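Please open the model in your viewer and keep the selection tool at hand. The tour below goes from one selection to the next.

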Amino acid sequence: MRIVSIDSSLASALALIELSDGVATTVRQQVGTDARHHAESLAPMLSQVLAGEAVDAIAVATGPAPFTGLRAGLVTARTFARVHNLPLWGVSSLDARARAAFDRLGQAGQGKCLLVANDARRKEVYAARYQVKGADDVERLGQLHVLSPAAAMELGEVDYVTGSGVALYPQQLTGTEVDSQDPILEQLARIAWRRHQQGIDQPTEPLYLRHADVQMPKAPKRVI
């Protein structure tokens, strides 16, 4: 099984992942450094990752994340899946980040609670609490939130913290930190494939959690 993973929740990142006998291997990977030009970078990055090879499915991060970057990744994934008639599976980027943290923790993560807190700008974070679920998935404890770092810590007791927000708000997001520098592309593919095998619906609707910064103006009120 070969899956293309696409994540534009932060900077653009794509990879061709091969799943065989329960092991995920990155065949090729492209990771950008610019978090503001997803639309221009995703198509050429996808071409380099594919290198003309056939794939079996697409896994795409659905956020939560800022509007513009997330939308670019989802449009790229949907277009490619439609053109090539491929299955398309959506996975929350927080779910994948949690799985990456539990992969790092190994046995130390069993039975523990993890808080994922990604930067949401405006002095807020996208946050959710997790426990490990098998070798490839995670269990989300409650809902996805966008809130202050201090409020994120009030969601419940946690043993570990991870995500891009931890370095930004170390005084508020306290706990044992799990490194979150690595891409989450292998985790996206593993979670998507596991949930597909279990018959779990994996929609690709974007998880914005807040309205876009730019809104269409409302129609002016009629003056009689």
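Which residues have the most contacts inside the largest nonpolar core? Select Val4, Ile6, Leu14, Val55, Ile58 and Phe80, which have the most contacts inside this core of 21 residues. A nonpolar core here is a set of buried Ala, Val, Leu, Ile, Met, Phe, Trp, Tyr and Cys residues joined through side-chain atoms within 4.5 Å, where buried means under 20% relative accessible area, exposed over 50% and partly exposed in between, with a 1.4 Å probe and protein chains only. In soluble globular proteins, nonpolar side chains tend to be buried together.

Before going further, note that this is a predicted model, in which local features need pLDDT of at least 70 and side-chain atom pairs count only at pLDDT 80 or more, while totals for chains, interfaces and linings use all residues. Residues are numbered from 1 along each chain as its sequence is written, and side-chain values use heavy atoms, with hydrogens and water left out.

Next, colour the elements that give two or more residues to the largest core, namely strand S1 (2–7), strand S2 (13–20), H1, S4 and helix H2 (67–84). Helices (H or I, at least four residues) and strands (E, at least two) are DSSP runs, numbered from the N terminus. Helix H2 supplies the largest share of this core, 6 residues.

Now centre the view on Val55, which, leaving aside neighbours within four places in sequence, is in contact (heavy atoms within 4.5 Å) with Arg2, Val4, Leu16, Leu50, Phe80 and Leu86. A second, separate core of 19 residues can be selected too, and Ile3, Ala15, Ile17 and Leu185 are among its members.

Select Glu53 and Arg28, whose side chains meet in a salt bridge at 2.7 Å, N to O. This pair links distant parts of the chain, with Glu53 in the loop between helix H1 (38–50) and strand S4 (57–61) and Arg28 in strand S3 (residues 23–31), 25 residues apart.

Finally, select Arg190 and Asp136, which form a salt bridge with the closest N and O atoms 2.8 Å apart. Arg190 lies in helix H6 (residues 185–197), and Asp136 in the loop between strand S7 (125–133) and strand S8 (137–147). Asp136 also forms a salt bridge with Arg194, at 3.2 Å between the closest N and O atoms.

Methods: Salt bridge = Lys/Arg side-chain N within 4 Å of Asp/Glu carboxyl O.
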